[in-house]
Amino acid sequence: MTITNNKAAQRQEPDNPYALIGSSQLMKQVYRLISKVLHSEANILLTGETGTGKELVARAIHEYGHRRTQPFVVQNCASLPDGLLESELFGYKKGAFTGADRNHLGMFDAAHNGILFLDEIGDLPLILQAKLLRVLQEQEIRPLGDTQYHKINVRVIAATHRNLEEMVALGEFRSDLYYRLAHFPIELPPLREREGDIKKLAYSFLREIAMRERRGEMRLSAAAEKALQNYDFPGNVRELKSMIERAILLADDTDTIECHHFPNIQGVISPESSPVHGGMLKELVDHYERQVLIESLKKHHGNQKNTAIALGVARRTLLYKLSKHNINSRNWRA
Ligand SMILES: Nc1ncnc2c1ncn2[C@@H]1O[C@H](COP(=O)(O)OP(=O)(O)OP(=O)(O)O)[C@@H](O)[C@H]1O
Ligand SMILES: [Mg+2]
């Protein structure tokens, strides 16, 4: 658990709203959604692939919202065994179970009047889902071993990289909890679909990390820039940041980052210059297949049925390929 108690409101930078970097249309839509929930009490569900900035957005909603002077408490629902997670969330009374030798304040109490960020909510076991639903409905909790409920005032922001709708369909996630959390969903787009943001983020990380490493001003060569633009970033912004970090260390004798300072994307981005060997062909074919799927989904506004017809494959095959490439067709729905 981490608790932040922010005293000062952050100033709004017009270029980096909420201190987030990116000015693509998809990110502007995210900023619009953030502005709508900042001063409301709605619970929020943040979805998106790994590394897209869900935690950063949750923190921004806290720092720029009206609860900013109150605590921001983080709990990762995937990191603890069920029993421990329950006592962390709801707290317990001395003597509630063997080893409970003192009262323990739960996260809901720690986040009173502030925000509780429940990360990896898709990993919350069903039994705790029922308890969480009750807390959200009644705004009251009962610590383990206590006989009384007491009122709390907590805004919940939940996040997951998993597809909760699919989990609901499979009976793995309660639909009533899903609808309560998804009152205000915000989906963070994958980096590869944010037009222009790769370069912006890359330069921002370059400045930040070069300064930290006490290097002078650094730049990207035109080819390195292009290589980044063409790369898929399955790990999204987090991956870009660590690639820049590594590239700065590798480029210890120059202030210009070149393609070969990004060893993980060499093969995929410059097929002409590399011989086809050891898995290269598969990478190229996969890369091409992904592009075709995305183009076709764009053209058909995310409609899976029409996309499958246009590509001449069964809908089941399309679903399999979308899941294989981690593509979410909803990103292109009108
Ligand atoms: N728009 C952005 N501007 C600047 N930095 C960003 C942005 N989005 C993400 N980052 C950075 O990328 C990294 C990953 O972000 P974050 O931890 O919020 O992702 P996440 O969606 O919670 O990932 P996961 O699902 O793996 O937990 C962090 O270092 C964060 O600061
Ligand atoms: Mg996260």
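Angles under 35 degrees count as roughly parallel, over 145 as roughly antiparallel, 65 to 115 as roughly perpendicular, and anything else as oblique. Before the close-ups, note that the model is predicted, so to speak of a local feature takes pLDDT of at least 70 and a side-chain atom pair counts only at pLDDT 80 or more, while totals for chains, interfaces and linings use all residues. Residues are numbered from 1 along each chain as its sequence is written, chains are lettered from A and ligands numbered from 1 in the order written, and side-chain values use heavy atoms, leaving out hydrogens and water.

**View 1. Helices α13 and α14 cross.** Here α13 (residues 304–311) packs on α14 (residues 315–324) at about 105 degrees, their axes 9 Å apart. (Axes are lines fitted to C-alpha atoms, for helices over the stretch in contact, and angles run from 0 to 180 degrees between N-to-C directions; helices are DSSP runs of H or I, at least four residues, numbered from the N terminus.) That is why the pair is roughly perpendicular. Look for Q304, K305, T307, A308 and L311 of α13 meeting R315, L318, L319 and L322 of α14 (contact means heavy atoms within 4.5 Å). This contact has five nonpolar, two polar and two charged residues. (Ala, Val, Leu, Ile, Met, Phe, Trp, Tyr, Cys and Pro count as nonpolar, Asp, Glu, Lys and Arg as charged, the others, Gly among them, as polar.)

**View 2. Helices α3 and α5 pack together.** The angle between α3 (residues 82–90) and α5 (residues 126–138) is about 10 degrees, with axes 11 Å apart, so the two are roughly parallel. From α3 come D82, L85, E86 and F90, and from α5 come L128, K131, L132 and V135. Five of these residues are nonpolar, none polar and three charged.

**View 3. Ligand 1 and its surroundings.** Around ligand 1 sit 13 residues, the closest being I21, T50, G51, K54 and R238 (a residue is near if a heavy atom lies within 4 Å). They divide into five nonpolar, four polar and four charged. A polar backbone atom of I21 is 3.0 Å from a ligand nitrogen, and a backbone N or O atom of G53 is 3.1 Å from a ligand oxygen.

Technical notes: Polar contact = N/O pair within 3.5 Å; in protein donor to acceptor, adjacent residues only side chain to side chain.
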